[in-house]
Structure formats: C-alpha cells, structure tokens
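Student: Please take me through the selected features of the structure shown below, one question at a time.

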Amino acid sequence: HVLKYIEQLPMVNRRKMFVALLTERFRTMDNMMAFKKSVNVVINTENMDEFGKILKKAVADNKNFYTVFMESLEKFGKF
C-alpha cells in the first residue's frame, strides 16, 4: 500500500522524500528497479549488515543528483 501511495504522489512532492525499499526479491542498489518502484534505493535484506553504508551512499547520491537537477530548473526558470 505504501508503494502505491508513493507512486501516485505528484513529482514535486516526491522529490522532497527519500524512500528505501527493503526486499528479498531485488538486488541492492538496483537503480532500474528503484526507478520502477518509485523509490530512491533498493536494499536486499541479505545486505542488512551493510545497511548504514548503503543508505549513506544512496542519500549522498540522491543529494548530488537533485542539487544539479534543482540548479538546472532554476537556470531555466522552472523553479
């Protein structure tokens, strides 16, 4: 239910969130699956011993991406 709710959010609201999907089905850091599921990072439960490291990298990657994205929006007068 949570994933369905997130998928339906307007993108402007979604960009303000960071969502991690914990799963037994998908590979950790699978960017295409994260995109498909409307989450920022996928973490396989087999990698829970590295959860902190994975989450830290994913948050940093997300911040870097959206910094550039938001700067671009500002530059073109879209923000």
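Predicted model: local features only at pLDDT ≥ 70, side-chain atom pairs only at ≥ 80, totals over all residues.

Student: What is the phi of Ser38, and where is Ser38 placed?
Tutor: Ser38 has a relative accessible area of 23%, so this residue is partly exposed. Ser38 belongs to the loop between H3 and strand S2 (41-44). As a residue other than glycine, Ser38 has a positive phi, near 60°.

Student: Which side chain of opposite charge is nearest to Arg14?
Tutor: Arg14 is located in helix H2 (residues 11-14). Arg14 is buried yet has no salt bridge. The nearest side chain of opposite charge, 9.3 Å away, is that of Glu7.

Student: With which side chain does the side chain of Arg14 make a polar contact?
Tutor: Leaving aside residues up to four places away in sequence, Arg14 touches Ile6, Val19, Ser38, Val39 and Asn40. A polar contact at 3.0 Å joins the side chain of Arg14 to the side chain of Asn40.

Student: How many residues make up the largest nonpolar core?
Tutor: In soluble globular proteins, nonpolar side chains tend to be buried together. Here the largest nonpolar core consists of Ile6, Val19, Leu21, Phe26, Met33, Ala34, Val39 and Val42. Beyond four places in sequence, Ile6 touches Arg14, Val19 and Ser38. The number of residues in this core is eight.

Terms used:
Residues numbered from 1 in each chain as written. Heavy atoms only, no water. Core = buried A, V, L, I, M, F, W, Y, C linked by side-chain atoms within 4.5 Å. Buried < 20%, exposed > 50% of the residue type's maximum accessible area, 1.4 Å probe, protein only. Contact = heavy atoms within 4.5 Å. Helix = DSSP H or I, 4+ residues; strand = E, 2+ residues; numbered from the N terminus. Lys, Arg positive; Asp, Glu negative; His and termini not counted. Salt bridge = Lys/Arg side-chain N within 4 Å of Asp/Glu carboxyl O. Polar contact = N/O pair within 3.5 Å; in protein donor to acceptor, adjacent residues only side chain to side chain.
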